[in-house]
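Please look through the model shown here. The questions after it go from one residue to the chain as a whole.

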Amino acid sequence: MLRHAAAAAAAALLVLGAASQAAVGDGASASPRCSTSHILVTVCASDQTSRPGSPGHQASASRTGSSGSPSAAKCTYTKLDPQPPADNLAMQDGKRQGGKGAVYQVYCPATARIGVVWIADGALAPAQPAIDPETVARRAVDSMKLTGPDIASPRPAGHYVVGMPMWMWVNQGPTTYGPATATAAAGGVTVAATARVSSITWTMGDGGTPVVCHGPGTRYQPSMGLADSPDCGYRYTRPSSRMPGHRYTVTATSTWTITWQVQDGAAADTGQWTETRTTTQTTAIGEAQALTS
């Protein structure tokens, strides 16, 4: 559980204005990054929990693990100047808290995390960013409007026969297969995300084992004859005549792999997650007719 130290000392420094500079910390213990000027006000969090009560005292925070001993949670808070626009997530959070405060960029070297946080005037400073980069990355992915597979085969109007090889493949586009890229920003953090389909799972509607294809599939050519698809195929063992509408429902579910990276130079934060999208359609499977004399 994070325990937060007061940022009152930093708030007091703000009133000094552009005409003065002050150091947060005293003597040799002060970090060269922990200073203030008329442009930026920086507050550093040490790994000792204490409340500023004397000149030059550092604002601080600590984190206690399962063993009960504090772990390093050194984070630097830098007031953004200028402040983000009014529609920024952090500014909206500040508005909900009454609007008296400012947005700070937070950098935690121990975890290479960077983010932004609204800190009300005279409030306690948190030890970690309130806006996580992955949250910003998910906003970028939402703007991509990713969809299910664009099924090219099997076709709803196609003619397919029991026991014959069926070739499955999909059309490839940025929103149906990838790669799709987008960026999003919150406060001083900009995140770039890339999404691409890593696999497609086909459920053929006849109760058979689903087929997992690690690619878009291969387009069938007449020269292939009765060969099986080299990477994404299926053979039905019974017709669809007893199914509703005399058709099987084919479901193709794509697994999108999303990777993201913070673009700010202050931290090389990256991550990855997966999402799924589904497309369904129907297809009729008939039986081959043999002619005898």
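Q: Which residues does Tyr 236 touch, not counting those up to four places away in sequence?
A: This is a predicted model, where local features need pLDDT of at least 70 and side-chain atom pairs count only at pLDDT 80 or more, while totals for chains, interfaces and linings use all residues. Residues are numbered from 1 along each chain as its sequence is written, and side-chain values use heavy atoms, without hydrogens and water. With contact taken as heavy atoms within 4.5 Å, Tyr 236 touches Val 162, Gly 163, Met 166, Met 204, Asp 206, Tyr 248, Val 250, Thr 283 and Ile 285.

Q: Which members of the largest nonpolar core touch the most other members?
A: A nonpolar core is a set of buried Ala, Val, Leu, Ile, Met, Phe, Trp, Tyr and Cys residues joined through side-chain atoms within 4.5 Å. Buried means under 20% relative accessible area, exposed over 50%, and partly exposed in between, using a 1.4 Å probe and protein chains only. The largest core has 46 residues, and those touching the most other members are Met 144, Met 168, Trp 202, Met 204 and Tyr 236.

Q: Which helices and strands each supply at least two residues of this core?
A: Helices (H or I, at least four residues) and strands (E, at least two) are DSSP runs, numbered from the N terminus. The chain has three helices and 19 strands. Those that each supply at least two core residues are α2 (89-96), β6 (101-108), β7 (113-120), α3 (133-144), β13 (180-186), β14 (189-203), β15 (211-213) and β17 (248-262).

Q: What share of the 293 residues is buried?
A: The share is taken over the 293 residues in the chain. Buried residues make up 40%.

Q: Where is the cis peptide bond with Pro 82, and what is its omega?
A: Most peptide bonds are trans. Pro 82 is in the loop between β5 (75-79) and α2. The cis bond joins Asp 81 and Pro 82, with omega about 10°.

Q: Is Lys 145 buried or exposed?
A: Lys 145 is in the loop between α3 and β9, and its phi is positive, near 55°. Most residues other than glycine have a negative phi. Because its relative accessibility is 62%, Lys 145 counts as exposed.
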